[in-house]
Amino acid sequence: MSIVDKALNANVTIAKGFDPARGKPPAPKIAIVTCADPRLSNIEQMLGLAEADVDMIRNFGTVIDDDAVRSLVLSTRLLGSREIMIINHTDCGMLRFTDTEMEDRLRDETGQAPVAPARFYSFTDVEKNTREQIQKARSHPWISQEVPVRGFVYDVTTGRLSEVFPASETMVRS
């Protein structure tokens, strides 16, 4: 039996105890952009937040790209999220290759050179990447300047968060 089939069977059982109150319109308090890495799957619990209070936006490498911006704009402008948290993590798989290496590998494996994705957004420094993502979210004109955007690195070996400050704040704090 496939994983999808097992999941569907489990859903039949779990749905029997489903609370219809969960079908209320969402009203998140915070939008969190984080990596798709399964080690961050229970980030709400790690932060002591209720699932209903979080708009979770996940992608490989915690990238503020067009899709993440679209989600952040809707979360803050339409649903009412009042804060944005960007959470990168140690030991991220995106640290293990360059975009060029991945493109070359895929071309070699498939014999194809498609037009998308244009980038994989690999990086070599998790803190620097976090600063860049903060800047990208902070600079978008449709994300209100009144909405705080803060960045963090989650240590997968300790479960602790370390705040990463934007470059401009790092210079002021030094």
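1. A residue is called buried if its relative accessible area is under 20%, exposed if over 50%, and partly exposed in between (1.4 Å probe, protein chains only). By this rule C35 is buried, because its relative accessibility is 3%. C92 is likewise counted as buried, because its value is 2%. Buried residues make up 31% of the 174 residues in the protein.

2. This is a predicted model, in which local features need pLDDT of at least 70 and side-chain atom pairs count only at pLDDT 80 or more, while totals for chains, interfaces and linings use all residues. Residues are numbered from 1 along each chain as its sequence is written, and side-chain values use heavy atoms, with hydrogens and water left out.

3. The protein has six helices and five strands; these are DSSP runs numbered from the N terminus, with helices (H or I) of at least four residues and strands (E) of at least two. Their order from the N terminus is α-β-α-β-α-β-α-α-β-β-α. Along the principal axes, the C-alpha atoms fill a box of roughly 50 × 50 × 35 Å.

4. How many disulfides does the structure hold? There are zero, a disulfide being a pair of cysteine sulfur atoms within 2.5 Å. The cysteine sulfur closest to that of C35 belongs to C92 and is 4.2 Å away, so the distance is too far for a bond.

5. The largest nonpolar core contains 15 residues. Such a core is a set of buried Ala, Val, Leu, Ile, Met, Phe, Trp, Tyr and Cys residues joined through side-chain atoms within 4.5 Å. Those with the most contacts inside the core are V33, I64, L72, I84, I86, A137 and V149. Strand 1 (30–35), helix 3, strand 3 (83–89) and helix 5 (126–139) each supply at least two of its residues. Helix 3 gives the largest share, four residues. In soluble globular proteins, nonpolar side chains tend to be buried together.

6. Helix 3 (residues 66–79) also contains L78, which counts as exposed because its relative accessibility is 63%. L74, L78 and L79 form a nonpolar patch on the surface, with about 270 Å² of accessible area together.

7. Strand 4 (residues 149–154) and strand 5 (residues 161–164) pair in the antiparallel sense over four bridges; pairing requires that DSSP finds at least two bridges between the strands. Opposite V153 stands S162 of strand 5. The two strands form a hairpin with six residues between them, and G159 in the turn has a positive phi of about 80°.

Methods
Patches are made of residues with over 30% relative accessible area and no salt bridge: like charges are joined within 9 Å, nonpolar side chains (Val, Leu, Ile, Met, Phe, Trp, Tyr) within 5 Å. Accessible areas come from the Shrake-Rupley method with a 1.4 Å probe; for residues, only the protein chains shown count as cover. A salt bridge is a side-chain nitrogen of Lys or Arg within 4 Å of a carboxyl oxygen of Asp or Glu.
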